[in-house]
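This report describes how the parts of a multi-chain model meet, first within chains and then between them. Please keep the sequence and the structure at hand while reading.

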Amino acid sequence: MSTILDKSGFNPDRKLKIVGTSPVKHDGIDKVTGRAKFGADLFLPGMLVGKILRSPHPHANIRSIDATAAEALPGVKAVVTRADFPELPQGSAAGDMSRNAMAREKALYDGHPVAAVAATSESIAKQALKLIRIDYEVLPHVIDPVEAMKPDAPILHDHIRTKGVKDAADRKTNVVERLELKMGDVEAGFAQADAIVEHEYDTMPMHQGYIEPQGCVATCTEDGQVELWCCTQGPWVFRDRLTEILKIESSKIRVTQSELGGGFGGKTGFYAEPVAILLARKAKRPVKIVLTRGEVFRGTGPVSGTRSRIRMGVTRDGKFTAADAELIFQTGAFTGSMFFNAPQAMFTRYDLKNVKTVSHEVVSNRPKVNSFRAPCVPQVVFGVEGVVNELAQKIGMDPIDLRIRNAATEGYKTIYGETFGPIGFLETLIAAKNCEHYKSPVPKGQGRGVATGFWFNRGGETTGTLNIATDGSVTIILGTTDVAGSRISISMMAAEELGIPVDKVRAVMADTHALGWNRITAGSRTTYSSGMVIIDSARKAIAELCRRAALIWGVPEDGVVFEDGHCRPASSNVGEFPPLSIADIAGKTTLTLGAIAGHSEMNVTGAGPGFGVHIVDVEVDQDLGRVDIKRYTVVEDAGKAIHRLQVEGQYQGGAVQGIGWALNEEYVYGEDGRLQNPSFLDYRMPVASDVPMIDTEIVEVPNPRHPYGLRGVGEVPVTPTMAAIANAIGAVIGVRPRSLPMSPPKLLKLIEEARGAR
Amino acid sequence: MTRKYHVAATVNGDEYEYLCEPQQTLLDALRDELMLTGTKEGCATGDCGACTVMVDGAMICACLMLAVEADGKKIETIEGMAQGEDLHPLQRNFLELNGLQCGICTPGILIAAKVLLDRNPDPTETEVRYWLAGNLCRCTGYDKIIRSVLAAAREMRGA
Amino acid sequence: MHSLKYEAPSALGDAIALLAQASGTSRILAGGTDVIVQIETDLIEPELVVDIKKIPDLRGIAVENGAFRVGAAVTGMELMDHQAFCKAWPGVVDGVKLIGSMQIKGRATMGGNLCNASPAADSVPALIAAGAIVRIAGPNGAREVAVEHIPAGPGRTSLAKGEIIVSFAFPPRPPRTGDAYLRMTPRTEMDIAVVGVGVNIALDADGVCTAARVALGAVAPTALLVEEAGAALIGSRLDAPALDRLAQAAAAACRPIDDKRGTREYRVKVAGVLARRAALLALERARQNI
C-alpha cells in the first residue's frame, strides 16, 4: 500500500487557495500582547529559585565538594552536586551529556556547572552558592584547537583515541575523530586544471545569540513523576536524554515546551534542566532555573571555530576539475560538533567529480559546542566561495556565470551518497543573475560580492494528529517546536487539504505525554516533516469523512469524493445528494460513530535540498576598517513558499545573522582561559541601524516528493553570507579577508598591507 | 531576613503594591511580584531592550531601575498596549506584515516603537532604525520590524 | 546576607550627610545604568545606595549670565530634547547621544557618566573640550573643578567621601565657536567607544582658529585633555598641515591598552583619524554659528 512518502500527489497545476498566501499567524496575538509564555514565564505555588555554581577555572580536577554550609543556610531547600547524578561511563554519549550538565571528575571550561542550590529567593540562592567549598586542582588549559592537537597539549579526556585513524597509537589525544570523505581522483583533477587557488582560512567561535536565555521549571512528586516546562527544540529528545542520564523512566517524565524565544540549534541540547529536576526531587517543591545572559555565553553551546585549507582547480573555459580541503573543527569540552556536515556540504552544489576532504574534530577547554543553522557549514563555505570567486577572477569569468557553468543538476551523485532529484541551484543562479540588484552597476566607492550555499534539508521521525470537532473545526497536534512560525504554515496545509479557511484550524504544541516521538526541530525539517504528517493525517481523516458520507447516503464507499471541503457523489450515477460539509458529517456522526481524526507517525523522507545565492554591496571606511552593508539580496529556492512572508523572514534573518558573524561576533578568551565578553555589550550582534533592508527573491523549483512542493528554508540563508560579504570587502580593498570575524582592527591591518603591497 | 521595601505604583492604569528587596530591579518586580511576564529579560544589563517599559512617560529598560524606585510612579508595559479588544495599530501591523518570528523581542520593540511614533509621527527609515538600536532581534534581521513600524506610522497619520 | 539600604533624600544636605557618614561601600544612584548593572552582576556590593533624583538642585537646565548650567542628574533624553542646549553645544550632545540606547538615555546622566569614570565614557571628551566646570557639594562645603580633574583612573574619581556633583557649568557660547565628538565603534550603536575624540574651537572674523581644546577618550586610564593637539590648531585655518599636526599630537598622547574592544596599535591610528574628522565637524559648526 503506497503511503504519502511514495506518492505525494504533487500536482504542479493544482490551484491553491491558502498555500502561498500570508495569513496572520495564529500565535501572533499572544506575542504582540505579551501573553505568550516563554521558558521563564511559568510560576507555580511554592516555587523555588535554582542557581548554578560554575567553575572559574578552564581546566581543573575537582578534588572535593563541601556543601554543608550552603545546606544549613535558612531558605535553602536543596543542594545538588555530582553525587546526585547517576554514574555513567566516561566517553559514552550519556556520560558526556551528564558531565556537561554537571562536572564529575573535572571542570573542563570556565562556566562548567559544579553544583546547584534551590532556595526561597534569588538572593538566598546566590548567597548559598558562595558558601559551597570546592577544592580544585587547577590544570594547564588549552583553548585553540591547533594548539590542542599538539603532542604536548594538556589532555582533556584520558579515554579519547582518535576515531577514523587506522592503527591509531594508544596515546592520549584531544583529537576525537579524523574523517576522510572523497570521490574520484583529485590529483588527476588538479593536473587537468589551468588555474588553481589554495588558501587557509580561520573562523572564531560564535554564539547563536537567541534573545531568550534558557528557562525551565521542574517538579517532582513523591512517587517520582517529573514535569518539566522548558524552552526546547526537542521535547522528546530531551525526555529520552533525561531518562538516560537521570535514570528516570520516560513515561514518568512529561516535557512541556514553552514558546521558544529563538533557538537556531542552540536549544537542541539541555543545560540546567537535569539540575532543576534533581533539585525539585530533593526539595519536593517546584524549582525554576533561568540562566543569566552571562551564563548563556559561558555555559551553553557556542558554534564551532574552524581552521581550513581549501584548494580548487578550474579549466580556462570554466569547468571545475577538482577540490580538496583539510578542516579542523573545535568542539569544546565534549564531542558533538556535527562537523561531518562540512565536508558533506561544502562543495555540494557544484558538478564536481574529484573531491577529497580530511576533517578533524578536536576538544579544548571551552563549552561544548551546539548547533547553529547549518552546523559547521557556513564557516567553511566562507573559504570555498572565496576560492571560487578568485578562480572566476583568474580566468576572467563573471562570478555567477562560473557557478552556472558548474551547477549540479538532477542526477548528480553527492559525496555523501545521495543522488539529487529535481533541484533548483541552476534556477536560483539564473534568478540571481537577472535580479535588479545584480544588474545594477556597483555604486562608486562600493564593492560587490556574490556567494552561494547549500543545505541538505532533513526529514526525520515525526508524529502528528488532526482532530475534527463536532462543529467541523479542526485542531492539529504538533510535536515539532515552532521556532519562527512553522505552525501557521502547517495549519495552512491542513486547511488546504480540507478545503476550509485557515482560521478554522488551530495548532496545539504537544507535550511528551500527548503525542508520539518527534525528532528535534533542526535541519530545516519542521514545516516539511510536520507538514507531511499533518497532510497524511488530513487525508486519513478525509477517508473517514467519505466513509461516513457513504453510510449517510447508503452508497458504496467508492461512490464518494472529497472536494472543496465537501463530500460529494462521485457521479450522478451514484445518486443526487447535496454535498455534505465537514461540519455536517461531524455534527451528524460524532455522537454515534465517534471522533473523526487522522494520525500519522513516520520517518519523513524526500526533503529536497535547498540552494541560495547572496549578493551584497559594501562600503569600507579605509581609515578605520569599518564596513557598512549598503545593499543585500537573498535569492533562494524554497520549492514552494507555503507562507510567503514567513519564508522571506527566514531569508532576512539568516542574512543578518551572517552579517554579525562576518563582521563582529566572536568569543574572546584571555590567557587565563576565561571568557572576556559574556554579554551583549561586547558580543556584538547587529542592531537595527547596522543593516539595510534585506531584499529577497523566492525561487520555486518544486520538490515533487512533497504534496505542495516545499523545501526547507531555515538554514540555507546563513551558509553563503560571510563569504559574500568577504568577497565584497575584497572588491573594495583589493585583498579578500580569510579570517572571521572581519573586525575593524583586522581589516585595517589588511588594508595597510594591501596598500603597502601596491 | 533581608528588609523589604513597600512600593505602590500604577501599572497600565491599575494600582498595584508589592514588596521588594533593595537590589531587585523593576523588571524583577513586574515579572516575579506582579506576574506581568510580557516584559522579558534578555540580558539584565540594558544591552538588548527586551525589558523596555515606560515610567512616568520616559522609555527605559526595566532592568536598569531598582524596584524600590517605582514607588508613586506610573508604569506602562506591553500588557497595557491594547485597549480592550482593540489592538494598537503597531500591534496590528506587526501581525499583518509578519514583523515577528519567535516573538521574544516583540514586546520591547512595540513599546519602543510606540514611544517613537508618539514623539515623531513621520519618522524616516533611518530614524526608526536608530531609535530601535537598543532592541536586539535575532530572528527577523529587522527588515519586517521596520516595515511594520513605518506602516503603522502611515496608518496613524491617516495617510 | 546582602544588606543593601536604599535612601532617596529630597535635600542635598541630607544626601551629603548620608554619604559622608556611611560605613562600608556606598553608591550614588542617578540613572543607575552603570551602578545597577554592577550591583546585579556582583561587581560591587554596596551597603548604601543614595538615590539623588529627588533633589531639585541636581535637575534642570538653566541659563545663567548667557551660559548653560546643567544639573548632574539631567537625563540624556532631557538634554537631547533641549533645543537651545543642542544648538549651543552640539558636540556635547553628540557624546550624550552615543551613551547606549534610547532606553539607556531615558535614565543615564552626565553626572553618572563622568563619575563611573570609564576611560571610554562618551560624554567626557566633549565636556572636557567644552571647558565645562563641575560644581561639587560635600561635607566641607562647595567647590568648583574643571571636569577633566574628576576622573582619577578606571572606575575612580577624585571626589572625597560624601561629595556629590551638583551641576555642570558651561562657558558662554560666542559666535564662531563650535564643537564635535566622534568615536569609533564596530557597530553603529550600542558599543563602548574604542576611541573617542572631542574638539571645541573658536574662530575669529577671518576664520582663523583662536582657541581650541581637544580631548581623547578610551586611549588612556582617564579621558585626556591634549594641550598639544589644541595648540596644533590655534593660529591656523584648520588646513591640511594643521590637521596633520593635530593627528600626530593626538596619536602621540595615546597610552592605550590592548583589550577585547581594540588593540593598542589600532587605537593610536584611529585617534589621529578621528581627531581630524572631529576638528572638521567642529569647524563646520563654528562657521555656521554666527
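In chain A, the domain assignment gives domain 1 (28-36 + 459-604) and domain 2 (377-457 + 608-757); such bounds come from an automatic or database domain assignment. The model is predicted: local features need pLDDT of at least 70 and side-chain atom pairs count only at pLDDT 80 or more, whereas totals for chains, interfaces and linings use all residues. Residues are numbered from 1 along each chain as its sequence is written, and chains are lettered from A and ligands numbered from 1 in the order in which they are written.

**Domains of chain A**

Taken over C-alpha atoms, the centres of domain 1 of chain A and domain 2 of chain A are separated by 38 Å. Between them, 14 residues of domain 1 of chain A are in contact with 16 residues of domain 2 of chain A; two residues count as in contact if their C-beta atoms, placed from the backbone, lie within 7 Å. On the domain 1 side, helix H15 (486-498) and helix H16 (526-553) of chain A each supply at least two residues. H16(A) gives the most, with five residues. Helices (H or I, at least four residues) and strands (E, at least two) are DSSP runs, numbered from the N terminus.

**A sheet in chain A**

Four strands of chain A form an open sheet of mixed pairing, in the order S16-S24-S25-S26. Two strands pair if DSSP finds at least two bridges between them. Strand S16 (446-455) and strand S26 (694-699) of chain A are the edge strands, each pairing on one side only. The twist averages 20° from one strand to the next; axes are lines fitted to C-alpha atoms, for helices over the stretch in contact, and angles run from 0 to 180 degrees between N-to-C directions. S16(A) runs antiparallel to strand S24 (residues 610-621) of chain A, and ten bridges join the two. Within this sheet, Arg448(A) stands opposite Asp617(A) in S24(A).

| Helix | Strands touched | Angle between directions |
|---|---|---|
| H18(A), residues 644-663 | S24(A), S25(A) and S26(A) | about 130° with S26(A) |
| H19(A), residues 721-733 | S16(A), S24(A) and S25(A) | about 160° with S16(A) |

**Domains of chain B**

Chain B is assigned domain 1 (5-79) and domain 2 (89-157). The C-alpha centres of these two domains of chain B lie 22 Å apart. Their contact takes 13 residues from domain 1 of chain B and eleven residues from domain 2 of chain B. Strand S3 (residues 52-55) of chain B gives the most to the domain 1 side, with three residues.

The contact between chains A and B takes 45 residues from chain B and 45 residues from chain A. On the chain B side, the elements that give two or more residues are helix H2 (89-96), helix H3 (106-119), helix H4 (125-131) and helix H5 (143-157) of chain B. H2(B) provides the largest share of that side, four residues. By class, the chain B side divides into 23 nonpolar, 13 polar and nine charged residues. Here Ala, Val, Leu, Ile, Met, Phe, Trp, Tyr, Cys and Pro count as nonpolar, Asp, Glu, Lys and Arg as charged, and the others, Gly among them, as polar.

Towards chain C, the contact takes 25 residues from chain B and 23 residues from chain C. The elements of chain B that give two or more residues to this side are strand S4 (58-61) and H4. S4(B) gives the most, with four residues. The side of chain B that touches chain C has 15 nonpolar, eight polar and two charged residues.
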